[in-house]
Amino acid sequence: MALSEFALIERYFRSCGAQRTDVALGVGDDAALLRVPAGCELVAATDTLVAGVHFPQDSPADSIGHRSLAVNLSDLAAMGARPAWALLALTLPQADEAWLGEFATGLGELARSHEVALVGGDTTRGPLCVTVQLLGFVPAGAALTRSGARAGDVLFVSGTCGDAAAGLAIEQLRGFASACIDVSDGLLADAGKLASASHVGVELSYSEVPLSEPLAALLGERRARELALTGGDDYELCFAVPPHNIARLLAQLPPQDWRYTRIGALRAAPGASVVGDGTVMEFSHSGYEHFS
């Protein structure tokens, strides 16, 4: 017998994710009731993953579940926000129970590790598509944005770029950083977006862009750095820090423990460039665009 929508939700998603005391009403009703802490602002982010666009049709279901939440976790991390609640809209060609079990495992494990409760959503039939909305909170007035940077601020990136490792750290940047953005469309493109929103320019150091050892070994250093600059789906954080905050940042969040690297600086002149060996390098691909 075919699995009904109600049975699908009950079996795979009612208990998926963390159990939180600030969920007054969760999965199973028309909408969720959530308690936002006093003195905090609500932060919301939504991302859609489409089969054949964001992942291959035959991708493992647990990896799709993991990624559907990871893309939103990096958005909230870039705002300095604490994630709390997620809603899932899942479109499926059929109710494949093995696939659903693996998908829920991938989503649920990541949700629990970040104390995120799944509190509602929707399921429907159609081409495979996953939309997750993630809600969280940040102390009022303390959210990081793309537009707070100034010329002279130093630019850092978390983790390594180019090999699509979903590094989701550093909500602790509040109080240090002037601006922050998650790296989803490529480091060069997203650093440029941060600079543009802050009405400044950015200069990256080619030799300082961090690489993972597996990527460099597989492709060689030059090609690996090209991908690190222009690839996407890394979900690391690119953030600017005013010079007077750098000593405190390094002391309180040591880079060897928190996995971030100084990669450049913001300047008054507009635009984005990469400097290496005394020359300015040009790259043909500035980041992923859905509609171009």
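**Close-up views of charged residues**

**View 1. A network of salt bridges links Asp 185, Asp 190 and Lys 193.** A salt bridge is counted where a side-chain nitrogen of Lys or Arg lies within 4 Å of a carboxyl oxygen of Asp or Glu. By this rule, nine salt bridges are found. The model is predicted: local features need pLDDT of at least 70 and side-chain atom pairs count only at pLDDT 80 or more, while totals for chains, interfaces and linings use all residues. Residues are numbered from 1 along each chain as its sequence is written, and side-chain values use heavy atoms, with hydrogens and water left out.

**View 2. Glu 97 and Arg 11 form a salt bridge.** Their closest N and O atoms are 2.4 Å apart. The pair links distant parts of the chain, with Glu 97 in helix 3 and Arg 11 in helix 1 (residues 5-12), 86 residues apart. Helices (H or I, at least four residues) and strands (E, at least two) are DSSP runs, numbered from the N terminus. Glu 97 has a relative accessible area of 36% and is therefore partly exposed; buried means under 20%, exposed over 50%, and partly exposed in between (1.4 Å probe, protein chains only).

**View 3. Arg 20 and Asp 22 meet through their side chains in a salt bridge.** The N to O distance is 2.8 Å. Both Arg 20 and Asp 22 are buried.

**View 4. Arg 223 and Glu 226 pair within helix 6 (residues 221-230).** The closest N and O atoms of this salt bridge are 3.2 Å apart. The two residues are three positions apart, about one turn of the helix. Arg 223 is partly exposed because its relative accessible area is 40%.

**View 5. Asp 182 is buried yet has no salt bridge.** This residue lies in strand 8 (residues 179-183). The nearest side chain of opposite charge, Arg 146, is 5.0 Å away; Lys and Arg count as positive and Asp and Glu as negative, without His and the chain ends. The side chains of Asp 182 and Ser 74 are joined by a polar contact of 3.0 Å (a pair of N or O atoms within 3.5 Å, one able to donate a hydrogen and the other to accept it; residues adjacent in sequence count only if both atoms are side-chain atoms).

**View 6. Asp 62, Asp 96, Glu 102 and Glu 109 gather in a surface patch of negative charge.** Patch residues have over 30% relative accessible area and no salt bridge, and like charges are joined within 9 Å. Glu 109 lies in helix 3 (residues 97-113).

Terms used
Patches are made of residues with over 30% relative accessible area and no salt bridge: like charges are joined within 9 Å, nonpolar side chains (Val, Leu, Ile, Met, Phe, Trp, Tyr) within 5 Å. Accessible areas come from the Shrake-Rupley method with a 1.4 Å probe; for residues, only the protein chains shown count as cover. The place of a charge is taken as NZ of Lys, CZ of Arg, CG of Asp or CD of Glu.
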